Amino acid sequence: VAELDPAVADLLSSSRVIVLLGAGGVGKTTTSVTLALAAAQAGRRVALLSIDPAKRLAAALGMPLSGTPKPLVLPAAGGFRGTLAAAMLDQKEVFDAMVRRHAPSEAVALRIMAHPAYKAASTKLSGPLEYMALAKLQDLANDPQYDLVVLDTPPDDHALDFLARPNILAGFADNKVMTWLVRPFLIAGKLGLGRMLSAGEKLMGGVAKVTGVTALHSFADFLVLIQEVIDGFHLAGEKTAALLRQPSTRFIVVTIATRSATRGALHVTDALRRFGYRTAALLINRLLPAPVSDALRRDPASAPVLAKRLAGETAVSATLATAIKDAQRFGLPETEREPAEVLDLLALAHQIRALT
Ligand SMILES: Nc1ncnc2c1ncn2[C@@H]1O[C@H](COP(=O)(O)OP(=O)(O)OP(=O)(O)O)[C@@H](O)[C@H]1O
Ligand SMILES: [Mg+2]
């Protein structure tokens with residue numbers, strides 16, 4: 001097995017939190033597992049927090065579908081000197097936990113959960129999932145059992161909401177769907193409860209559309225019930241924003257070498273910048289394997305189609321380097337078989353190369 005690239009080893013040993021972001025399907029989940037395994041091999045005690053809608057990799061790794069991290073049994077052949085615990089967040093479970101966490105009492109939590117609007121809200125509104133991912137991230141980063149927390153995020157339109165979250169009113173105010181949930185409370189602060197409910201009813205049209213809940217009155221009282229839950233969001237959001245700004249928190253934007261993916265990656269790094277976060281590294285996934293690209297550099301005429309692909313990869317890397325000057329760039333080759341087992345994924349980590 002090849003050594004880890006020193007730049008990768010350095011990234012893994014100097015980070016306390018690694019957040020992987022990127023468009024749908026570019027390889028965020030694969031990369032997060034790969035990096036988590038490499039760090040565990042190198043002796044770190046790693047917690048991996050995944051929000052993988054596909055759940056395929058989780059199943060393959062025997063990852064628990066639970067918000068509480070459980071240690072994975074790692075194969076001896078991997079020579080792991082550290083440990084890896086993994087947790088996987090699920091929408092409904094997250095919403096329940098959020099209500100339990102922030103409701104003023106168990107009785108109120110139970111009333112919220114028995115509410116007719118609750119089922120729709122808990123399965124259709126993704127805001128709490130992102131919120132909970134950040135809250136979990138916070139817990140894991142403060143947990144002395146772990147030296148490194150790796151956070152895999154959902155595809156980027158959600159991930160960006162998720163970044164906005166700790167910033168905006170330390171919570172939700174500018175966010176599409178959750179705006180509908182929160183604005184009535186903001187108004188309530190100024191206008192008093194009676195006026196709020198009528199304003200809320202107007203605004204609830206939006207929620208009704210998303211959730212399929214048509215009983216607006218019923219939703220308005222649901223909102224009154226969960227007010228304290230939402231207050232809890234704001235407090236947690238501020239702390240998380242501080243964690244995300246620590247120098248030992250590293251954002252890695254994952255992409256592939258196509259023009260549209262490159263635009264997507266630039267969009268993500270711009271959004272990061274706007275929220276005051278720095279992109280530490282860009283990882284270009286699914287590159288030609290090194291032996292192939294080396295051979296092509298020596299003799300491009302031997303395989304013109306591949307040579308064209310290599311030229312495209314080089315151009316993408318150059319574009320990203322120019323656009324985001326202070327980020328490291330890494331390349332990850334495409335493997336013949338989808339990497340699905342621990343040892344495959346670990347081997348993949350050893351193929352990550354710093355790009356120059
Ligand atoms: N380097 C690679 N070589 C071969 N297959 C890969 C590689 N990276 C990822 N894949 C495959 O591509 C698919 C998408 O990868 P993955 O699930 O990691 O992407 P994702 O960005 O997490 O997707 P989503 O946005 O849906 O969460 C998976 O089937 C995975 O096995
Ligand atoms: Mg994924």
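Colleague: Is the crossing in which helix 12 passes helix 14 left-handed or right-handed?

Modeller: This is a predicted model, in which local features need pLDDT of at least 70 and side-chain atom pairs pLDDT 80 or more, while totals for chains, interfaces and linings use all residues. Side-chain values use heavy atoms without hydrogens and water, residues are numbered from 1 along each chain as written, and chains are lettered from A and ligands numbered from 1 in written order. A crossing is left-handed if the near helix is turned anticlockwise from the far one by less than a right angle, and right-handed if clockwise. For helix 12 passing helix 14, the crossing is right-handed.

Colleague: How are helix 12 and helix 14 oriented to each other?

Modeller: Helix 12 (residues 259-274) and helix 14 (residues 304-323), both DSSP runs (H or I, at least four residues), have their axes 11 Å apart and at an angle of about 15°. Angles under 35 degrees count as roughly parallel and 65 to 115 as roughly perpendicular. Helix 12 and helix 14 are therefore roughly parallel.

Colleague: Which residues of helix 14 make the contact with helix 12?

Modeller: Contact means heavy atoms within 4.5 Å. Helix 12 contributes Thr262, Ala265, Leu266 and Arg273, and the residues from helix 14 are Val316, Thr319, Leu320 and Ala323.

Colleague: At what angle do helix 13 and helix 14 pack?

Modeller: Helix 13 covers residues 290-298, and its axis lies 10 Å from that of helix 14. Their packing angle is about 105°.

Colleague: Which residues of helix 14 meet helix 13?

Modeller: The angle makes helix 13 roughly perpendicular to helix 14. From helix 13 come Val292, Ser293, Leu296 and Arg297, and from helix 14 come Leu306, Ala307 and Leu310.

Colleague: How many charged residues are in the contact of helix 2 with helix 15?

Modeller: Helix 2 (residues 28-41) packs on helix 15 (residues 342-349) at about 85°, with axes 8 Å apart. Thr30, Val33, Thr34, Leu37, Ala38 and Gln41 meet Val342, Leu345, Leu346, Leu348 and Ala349. By class, eight are nonpolar, three are polar and the number charged (Asp, Glu, Lys and Arg) is none.

Colleague: Which residue has a side-chain N or O atom 2.8 Å from an oxygen atom of ligand 1?

Modeller: Of the 18 residues around ligand 1 (a heavy atom within 4 Å), those that come nearest are Lys28, Thr29, Thr30, Arg286 and Glu338. Threonine 29 places a backbone N or O atom 2.8 Å from a ligand oxygen, and for valine 26 a backbone N or O atom lies at 3.2 Å. The side-chain atom at 2.8 Å belongs to glutamate 338.

Conventions
Axes are lines fitted to C-alpha atoms, for helices over the stretch in contact, and angles run from 0 to 180 degrees between N-to-C directions. Helices (H or I, at least four residues) and strands (E, at least two) are DSSP runs, numbered from the N terminus. Angles under 35 degrees count as roughly parallel, over 145 as roughly antiparallel, 65 to 115 as roughly perpendicular and the rest as oblique. A polar contact is a pair of N or O atoms within 3.5 Å; within protein, one must be able to donate a hydrogen and the other to accept it, and residues adjacent in sequence count only if both atoms are side-chain atoms.
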